[in-house]
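Dear colleague,

Please find the structure below, handed over for your review. My notes on what was found in it follow directly after.

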Amino acid sequence: TGKNDFGQCNTLDWINVVQIAGAVGSSYGLKKDGTVYVAGRNEYRQHEVIYQRDICQISCSMNNIALLKNDGSVRVLGDNRYGQCNTKEWSDVACVASELRNTYGITRKGIVLAAGDNGYGQCDLSDWSNIIKISTQPGFVVGLTSTGHVLAKGENNLGQCSTKNWSDICDITSGMSHTVGLRKDGTVVATGSNNFGE
């Protein structure tokens, strides 16, 4: 339900969906058989995702769809102005995350791979290790380590990357200019812009 200017709400006939992803003007559904439904914007030929097979995870932005394949490779379809689709050499990837200008992959060894815009150093992640989850927004990326710490890299003009003192974190997410962490005791920490009381 909601705004349907690009047909992004036309999902009533989708069945056997195991994961969903959405962005401005687009909706995607990963099916049990490893193929993907798509509804909405196709400005950058994102709809070509329907020809892909053997997919186990999806992540999308307004102009891209990132596909993790069963063999650990990653394919990104759509806008490549920042090099965010340049993932053909990636292997042994366990999960993917994407946003408008960047694509990230976490390998099974906890190493982070990055493609796309590096204007704020958000792709300089060679010193990161033991990462189990990533959340990303334009200009910055945050990673959760297996020890419960949160690493952050990129634009920090509003403090969105100020996570150095966080500990005992079990989950993370990020908004346009803030980062949120869930502690193991059920409490929540946040840093960054607080213009709307978030």
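Arginine 81 and aspartate 79 form a salt bridge, with their closest N and O atoms 3.0 Å apart; the term denotes a side-chain nitrogen of Lys or Arg within 4 Å of a carboxyl oxygen of Asp or Glu. Arginine 81 is exposed, at a relative accessible area of 57%, whereas aspartate 79 is buried at 3%. Here buried means under 20% relative accessible area, exposed over 50%, and partly exposed in between (1.4 Å probe, protein chains only).

Please note that this is a predicted model, in which local features need pLDDT of at least 70 and side-chain atom pairs count only at pLDDT 80 or more, while totals for chains, interfaces and linings use all residues. Residues are numbered from 1 along each chain as its sequence is written, and side-chain values use heavy atoms, with hydrogens and water left out.

The search of the whole structure finds eight salt bridges. One of them joins the side chains of arginine 41 and glutamate 43, at 2.3 Å from N to O. In this pair arginine 41 is buried, with 8% relative accessibility, and glutamate 43 is exposed, with 53%.

Another salt bridge links aspartate 92 to arginine 108, where the closest N and O atoms are 3.3 Å apart. Aspartate 92 lies in the loop between β6 (74-78) and β7 (93-98), and arginine 108 in the loop between β8 (102-107) and β9 (112-116), so the pair ties together parts that are 16 residues apart in sequence. Aspartate 92 is partly exposed at 32% relative accessibility, and arginine 108 is exposed at 53%.

Turning to secondary structure, the protein chain has zero helices and 15 strands. These are DSSP runs numbered from the N terminus (helices: H or I, at least four residues; strands: E, at least two). The radius of gyration is 17 Å, close to the 16 Å that the globule rule gives for 198 residues, so the chain is as compact as a globular protein of that length. That radius is taken over C-alpha atoms, and the rule is 2.2 Å times the number of residues to the power 0.38. Along its principal axes the C-alpha trace spans about 45 × 40 × 35 Å. Buried residues account for 48% of the 198 residues in the protein chain.

Strands β4, β5 and β6 form an open sheet in the order β4-β5-β6, with antiparallel pairing; two strands pair if DSSP finds at least two bridges between them. β4 (55-60) and β6 stand at the edges, each with a single partner strand, so one side of each is left without a neighbour in the sheet. Between β4 and β5 (residues 64-69) there are five bridges, and serine 59 stands opposite alanine 66 in β5.

Which strand does β1 pair with? Strand β1 (residues 17-23) is joined by six bridges to strand β2 (residues 26-31), and the two run antiparallel. Isoleucine 20 has glycine 29 in β2 as its bridge partner. The hairpin of β1 and β2 has two residues between the strands, and glycine 25 there takes a positive phi near 80°.

With kind regards
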